[in-house]
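Here is a short briefing to read alongside the model. Please keep the viewer open as you go through the points.

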Amino acid sequence: MLIKAVEGMEGTVYLIHLETPIAGHAQHYIGWAANVEARLYYHRKKKGAKMLAHAVGLGIAFSIVREWAGGKDLERKLKNRKKARLLCPVCRRNAEA
Ligand SMILES: [Zn+2]
């Protein structure tokens with residue numbers, strides 16, 4: 001079962017990079033979880049975020065490429081920047097290549 005986020009609760013903010021962008025969607029997903037491994041398992045089971053469930057349905061691989069220790073407030077801050085690509089080590093590596 002998913003652990004409900006509590007304001008100020010510590011956990012991990014994670015950045016997911018999709019191998020291929022989904023048409024009409026971004027190529028990244030930022031989320032927060034108390035247990036990232038368990039959350040990734042849920043995502044792969046098409047539970048949780050619709051965008052990732054859609055990716056699974058399309059056979060698009062994705063993985064967590066970056067993590068930050070922090071709470072929901074950090075997740076919100078990073079999401080609001082709307083610059084996930086700049087935070088993504090995979091995209092940055094490709095841009096430099
Ligand atoms: Zn990326």
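Predicted model: local features only at pLDDT ≥ 70, side-chain atom pairs only at ≥ 80, totals over all residues.

R85 is partly exposed, with a relative accessible area of 46%, and this arginine belongs to helix α4. The points below cover confidence, the zinc site, ring contacts, a helix face, backbone angles and contacts across the sequence.

**Confidence**

- The protein chain has an average pLDDT of 90, and 91% of the residues reach at least 70.
- Among the elements of the protein chain, β1 has the highest confidence, at 97, while α5 has the lowest, at a mean of 87.

**The zinc site**

- Four side chains coordinate the zinc ion: H17 through ND1, H28 through NE2, and C88 and C91 each through SG, at 2.0 to 2.3 Å.
- The site of the zinc ion is tetrahedral, with angles of 102 to 117° among its 4 donor atoms.
- Along the chain, the donors are spaced as H-x10-H-x59-C-x2-C.
- H28 lies in strand β2 and C91 in helix α5 (residues 89–96), so this pair ties together parts that are 63 residues apart in sequence.
- Both H28 and C91 are buried.

**Ring contacts**

- How many aromatic pairs does a search of the whole structure find? The search finds 2 aromatic pairs.
- One of them joins Y14 and Y29 in a tilted arrangement, 6.3 Å from centre to centre with 45° between the planes.
- Because Y14 sits in strand β1 (residues 11–18) and Y29 in strand β2 (residues 28–33), the pair ties together parts that are 15 residues apart in sequence.
- Y14 and Y29 are both buried.
- Y41 and Y42 have ring centres 6.5 Å apart and planes at 75°, so this pair is edge-to-face.
- Y41 is exposed, its relative accessible area being 51%; the cut-off for exposed is over 50%.
- F62 has the charged end of R44 over its ring, 5.0 Å from the ring centre.

**Helix α1 and its faces**

- Which residues of helix α1 (residues 36–44) are buried? They are V36, R39, L40 and H43.
- Seen down the axis of α1, these buried residues fall within an arc of 100°, so they line one face of the helix.

**Backbone angles to check**

- Most residues other than glycine have a negative phi.
- K46 has a positive phi of about 65° although it is not a glycine.
- K46 is located in the loop between α1 and α2 (50–58), and K46 is partly exposed, with a relative accessible area of 47%.
- K82 also has a positive phi, near 55°, in a residue other than glycine.
- The loop between α3 (72–81) and α4 (84–87) holds K82, which is exposed at a relative accessible area of 70%.

**Contacts across the sequence**

- R66 has its place in strand β3 (residues 62–70) and counts as partly exposed at 34% relative accessibility.
- In space, R66 and I16 are 7.4 Å apart, C-alpha to C-alpha, while in sequence they are 50 residues apart.
- Is G71 buried or exposed? G71 counts as buried, at 2% relative accessibility, and it is found in the loop between β3 and α3.
- G71 and W32 are 39 residues apart in sequence, yet their C-alpha atoms are 7.2 Å apart in space.

Note on methods: Residues numbered from 1 in each chain as written. Heavy atoms only, no water. Phe/Tyr/Trp six-rings, centres within 6.5 Å; stacked < 30°, edge-to-face > 60°. Helix = DSSP H or I, 4+ residues; strand = E, 2+ residues; numbered from the N terminus. Buried < 20%, exposed > 50% of the residue type's maximum accessible area, 1.4 Å probe, protein only. Lys NZ or Arg CZ within 6 Å of the ring centre and 35° of its normal. Donors = N, O, S within 2.8 Å, 3.2 Å for Na, K, Ca; no water. Tetrahedral: all angles 85-135°; square planar, octahedral: opposite > 155°, others 65-115°. pLDDT = per-residue confidence, 0-100. Arc of directions from axis to C-beta.
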